[in-house]
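Subject: Structure for you, with notes on side-chain contacts

Hi there,

Here is the structure I promised to pass on. Please have a look at it first, and then read my notes below.

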Amino acid sequence: MFIHFFKEGANTKMHNVLLIVNPVSGTGIFKQKIWKILEIYSAAGITTNVMFTGKRGDAAKFAKNCPAKIETVICAGGDGTLNEVISGLMENPKPHKLGYIPVGTTNDLATSLGISKDPIKAAKDILEGNTIKIDIGFFSGKYFNYVASFGAFTEASYNTPQSAKNVLGHFAYVLEGIMSLANIRPYNVKFSFDDTVLTGDFIFAAISNTTSMGGILKLNDTLVALNDGKFELLVVKNPQNLVQFQKILSDIMTQNFSGDLVQLFHTSKITIECNEQIDWTLDGEHHLSNKIEEIENISQAINLIVPPEQK
């Protein structure tokens, strides 16, 4: 569905924007806010072209085929919609500038960047915000914005029903994550990066560019830079007994990565080898891996608008 909305108004540094909306993201509350946002943009002299997604893949198609006259693409949706929009933009030689109105249930990248969860404030911040460059990940022909992960907690992203997400919000992810602990299984994996090789049985691994993963796991913002050309690789080895399992939980909660069970590394390219296929999630969406994978950081690939108070 396409809507063209324009009214003469004050001068602004943006004149033509494409607003890509996932109408079923989160609780659907954005549908009640969109007309107010259009009024705000109209008063600022902005021509707003609105496109609503109807199925998976629409957001990527809209972003990829965005006309050159559009100065900024704005995504209104959750982490999955944002992944699609950025994936579409990355198919262009010169991706459009990106604004984000987070209306999903978790919104990890928005949390990392301090983008408001209030759609009206997020929309206003796009008008006055600062533009930063962020890194994008490339995994087996697919792009990811903030995390590729497998193992414990990971399935919570794609196993939690949309109805539960809408009713329970973020708590639905937490419940599903806790339940997944009862079904933990290790993968025998070899990680190769820089001059380091890690081998062993792992119950969790995340290649991330964020301070929040699924709203469940957190990294201190002093450990993460979203535009340094490097991922944070977090790995958790398979515990041999209950004492080790409790130590893992403690290390994750206190962000102690100096032990043998939970480790954190920084790298720009990783080769992952496993003798079986692994169920991964890329920004919360399911992905079945090959037995050998190359994951690469595409440094400062996207120009993203952040709130004016963010540096």
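A salt bridge here is a side-chain nitrogen of Lys or Arg within 4 Å of a carboxyl oxygen of Asp or Glu. Please keep in mind that this is a predicted model, in which local features need pLDDT of at least 70 and side-chain atom pairs count only at pLDDT 80 or more, while totals for chains, interfaces and linings use all residues. Residues are numbered from 1 along each chain as its sequence is written, and side-chain values use heavy atoms, with hydrogens and water left out.

**Salt bridges**

The count comes to six salt bridges. One of them joins Arg56 to Glu285, with the closest N and O atoms 3.0 Å apart. Arg56 sits in the loop between β3 (47–52) and α2 (58–64) and Glu285 in strand β17 (residues 285–288), so this pair ties together parts that are 229 residues apart in sequence. (Helices are DSSP runs of H or I with at least four residues, strands are runs of E with at least two, and both are numbered from the N terminus.) Arg56 is exposed, at 69% relative accessible area, whereas Glu285 is partly exposed at 29%. For these words, buried means under 20% relative accessible area, exposed over 50%, and partly exposed in between, using a 1.4 Å probe and protein chains only.

Glu273 and Lys190 form another salt bridge, their closest N and O atoms being 3.9 Å apart. This pair links distant parts of the chain, with Glu273 in strand β15 (residues 269–274) and Lys190 in strand β9 (residues 187–193), 83 residues apart.

Lys247 and Asp251 also meet in a salt bridge, at 2.6 Å from N to O. Both lie in helix α9 (residues 242–254), four residues apart, or about one turn of the helix. Lys247 is partly exposed at 38%, but Asp251 is buried at 3%.

**Aromatic pairs**

Rings of Phe, Tyr and Trp (its six-membered ring) pair if their centres lie within 6.5 Å; planes under 30 degrees apart count as stacked, over 60 as edge-to-face and the rest as tilted. The whole structure holds seven aromatic pairs. In one of them, the ring centres of Phe150 and Trp280 are 5.0 Å apart and the planes are at 75°, so the pair is edge-to-face. Phe150 belongs to strand β8 (residues 147–151) and Trp280 to strand β16 (residues 279–282), so the contact ties together parts 130 residues apart in sequence. Phe150 is buried, at 0% relative accessible area, and Trp280 is buried at 0% too.

Best wishes
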